[in-house]
Structures are given as structure tokens and as C-alpha cells.
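Please walk through the protein shown here, from overall composition to individual side chains.

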Amino acid sequence: MNSITYRITGVMFLAVAFTVFLLVYLTNGQMNEHFKEYLVVQNMEMGQNGMMKHMDVGNSTVAFVMGPSEETFLASVHKSLIWVGMAVLAAGLAASYAVARSITVPLRNLSRAAEQIEQGNFDQKVPVETKDEVGHLAAIFNRMAEALSINASLRRQFLANIAHELRTPLAIIQGHLEGMVDGVIEPSQEQLSSLHEEAIRLNRLITDLRDLSLAEVRQLALEKSSTNVNQIVSRAVYMLKPLADEKDIRVNCMLDELPELEADADRLNQVFYNILVNAIRYSPTKSIVKVVTVQEEIEGRSWLKVSVTDNGPGIAQEDIPHIFDHFYRGDKSRDRKSGGSGLGLAIVKQLVEIHGGRVAVKSKLGEGSVFQILLPVGLEENSRDKGNLL
């Protein structure tokens, strides 16, 4: 394999060698010519005619002879020029090699690290020693490697979480069915109802995973129509009234008059349902959940804003950036009594974004949480801006 180091060194050295040879050649020629002119002028001024050579001065010819000392001087100058040229060539070769190495060594490090990443070893870093294009490339590579490492870790965690969530209902169903087959468990309406609930939970989890995966790659089909957001919010509140009544929680709705927008009503219902389920689930008994809708101008654009405020325990600041991640829970508990499958908020984020909207949360421990959803009014292009909206 031809090394790029030698190729760069060779090209640069040839350029230096050509320049040196040209300079030495021109300098030798100019030295001879000017030295002879100098001798002629000196002889004419001193009246010396000890040199013999034909040289035209105007229309006359001056004859002179170059002595041994002059020839020795010229020879020494030529030799000095040759030695200087060789020294410059050697320095040029060393400099060319050093410059080539400064480019190819980082590239070689990048190549080795890329080969490791190709084999699945994502924990790769290359030194960033300069601030030029090569250093910039190394910095970009390090960020890419870090992102790949994080994504690989998230993928492993995602698969582990999926396995965990699927295993629980499947184990329950399998255990009950095996008990019934072996005669240990007597089939009853209660047992069958329990198995039916677990099957529904399993089906819902699989459906959520499918919708989430399609939404993340923007392949989830939306059936848009003229939609009244207030009606969707009211429907979600009505559907969750039994859950709120169990905890004696009152849901207060303050719904301003809003224009209709083009959206998938079922998907938006899923968004508000998931947000309200979390608000009711984490709010204490006999508390109030507030739902507010309003139209606002933000960043020179009209938005429909839906805010859901609860009185729950709040979210730690270190957990807020991850609250919309798959299966993420601030309490790190897998107990379904403290939460669902962990996909609800991830689905909310994706469904809102494919409608061109944004979602954010503001919370402090012990002070509850405010979830805010912005949906654009009109048919503008989807906005992926994820800045702080609160």
C-alpha cells in the first residue's frame, strides 16, 4: 500500500528541489556575468590589461585575461552555492516529511479508530492536537464516536426494557394457563378476567412500541382533518374521570376559544390522554389538576398552547432532560403501581413533533409539574425547534 506520507513528502520535495536547482543555476549564471563585468570596470579604471577576453563595451572591444585568483574565487562561490543547495534540499526533505507526518499520523489514528468502531468498539477517542482542518476532523470524529457509544448503550437498554416489559405479562399469562392445564388453578371468571387484562396490557405495549418506532422515523401515518383541540381535551378529561374519581381529584379546565387546526384527532387524543394520566397518577388524593388552553404568538408565529399542571412530587432537575426518553422513570422503579410502561411521554413527544409542535416540562421537587404542548396554527412546515418554552 502506497503511504500518503511518502507521496506528500515526494511531491513537496520535488517542488523544493526544482526551486533550489533553478535558483542555483540562475545564481551561477548571474555570478559569472556580473563578476566579469566587475573585472572589466576595475581594469578600465586602473588601466590594467592583464586579462584577455573579448567583451563588448559600446562599439569597442576590451580584451583582458582572468587570473588564477579570480578563477579560484568563482569556483569557491559555485561550490558554496552547491553546498547551500544541498543543505536546502536536505532541510526541504525533512520539512516535507514532517509536514506529511503532521497530516497522515492523525489520519492513521482516525483510520484505526474507525476500524475499531466498525467492529463494534465505540469507546474510541483520537487526540486533538491542532486547531486546523485535521484537528477539526478529529474533534468531529470524537463526537461521532461518543454519540454512537451512547446510542449503542441506549439501544441495549431499550431492548432490555422491552424484554422486561414483555416478560411480565407473558409470565403471568403463562403461569395461570399452566396452572389451569395442570388442574392447580380452577378456571373462574376472575382468573379469565385477569388473563384478559394482561393480554390487553401486552397488546397495548406492543402497539405503543410500534407507534413509537414509526413516529421516530416519521413514517407514522396521520389522518388529518379540521380538529377542535378543546373538544379533544374535553374528551380525554371525560375518559379519565373514573381514574380521577378514585383519588378524589378534580380536573379544572380553562379552555379559551381556539381556531381549528389540521391534525389527527385520535393521535392528539392519545397525547392529552397520556399527559393527563400522568398528572392524575402522580397527584395526591383530593388535589386539583389544571388544564389550560390558549392561543399565543411565539417567535412571530401563532400557536395553540395546552398546559397541564399537577400537584405531584415534581421531577428532579437531572431527570428533566430524560423525561421523554423510552422507559425512563425518575424513581428508577419498575413497579407498575408507580407508573405505566414508561413509553407514554416518549410517544407524546414524537406525536407532537410530527404535528410540527413542541413539548416541554417545568418542574421542581415538591412543587408539582407543568407539561406544555404547543401546536402550530396553519399548514406551515414542521418545526423541530426544541428550545425551552416555559
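A contact means heavy atoms within 4.5 Å. By that criterion, residues 24 or more positions apart account for 69% of the contacts in the protein with a separation of 6 or more. The model is a predicted one, in which local features need pLDDT of at least 70 and side-chain atom pairs count only at pLDDT 80 or more, while totals for chains, interfaces and linings use all residues. Residues are numbered from 1 along each chain as its sequence is written, and side-chain values use heavy atoms, with hydrogens and water left out.

The secondary structure consists of eight helices and nine strands. These elements are DSSP runs numbered from the N terminus, with helices being H or I of at least four residues and strands E of at least two. The protein has 390 residues, and 36% of them count as buried. Here buried means under 20% relative accessible area, exposed means over 50%, and partly exposed lies in between (1.4 Å probe, protein chains only).

The structure holds one cavity of 30 Å³ or more, and the largest cavity has a volume of about 30 Å³. A cavity is a set of points, on a 1 Å grid over the protein atoms alone, where a 1.4 Å probe fits but cannot get out; lining residues have an atom within 4 Å of a point. Grid points are joined across faces, edges and corners, and the volume is the space filled by probe spheres set on the points. The lining of the largest cavity is made of Val233, Phe272, Ile275, Leu276, Val291, Val306 and Val308. Helix H7 (265-282) and strand S7 (301-309) each supply at least two residues of this lining, and H7 gives the most, with three residues.

Side chains of opposite charge can pair when their charged atoms come close. The structure holds four salt bridges, a salt bridge being a side-chain nitrogen of Lys or Arg within 4 Å of a carboxyl oxygen of Asp or Glu. One of them joins glutamate 146 and lysine 125, at 3.8 Å from N to O. Glutamate 146 lies in helix H3 (residues 133-182) and lysine 125 in the loop between helix H2 (68-118) and H3, so the pair ties together parts that are 21 residues apart in sequence. Glutamate 146 is partly exposed at 43% relative accessible area, whereas lysine 125 is exposed at 56%.

Lysine 125 also belongs to the surroundings of asparagine 142: leaving aside neighbours within four places in sequence, asparagine 142 is in contact with Gln124, Lys125, Val126 and Val128. Asparagine 142 is placed in helix H3 and counts as buried, with 11% relative accessibility.

Two further salt bridges each fall within a helix. Aspartate 245 and lysine 241 meet at 2.9 Å, N to O; both lie in helix H6 (residues 241-246), four residues apart, about one turn of the helix. Aspartate 245 is partly exposed at 45% relative accessibility, and lysine 241 is partly exposed at 45%. Glutamate 353 pairs with lysine 349, the closest N and O atoms being 3.2 Å apart. Glutamate 353 and lysine 349 are four residues apart in helix H8 (residues 344-354), so about one helical turn separates them. Both glutamate 353 and lysine 349 are buried.

The backbone is the last topic. Most residues other than glycine have a negative phi, and most peptide bonds are trans. Aspartate 248 has a positive phi, near 55°, and is found in the loop between H6 and strand S4 (250-255). Its relative accessible area is 44%, so aspartate 248 is partly exposed. Lysine 286, also not a glycine, has a positive phi of about 60°. Lysine 286 is located in the loop between H7 and strand S6 (288-298) and is exposed, with a relative accessible area of 66%.

How values were computed. 1 Å grid on protein atoms, 1.4 Å probe; cavity = no way out; pocket = protein on both sides within 12 Å on 5 of 7 lines; lining within 4 Å.
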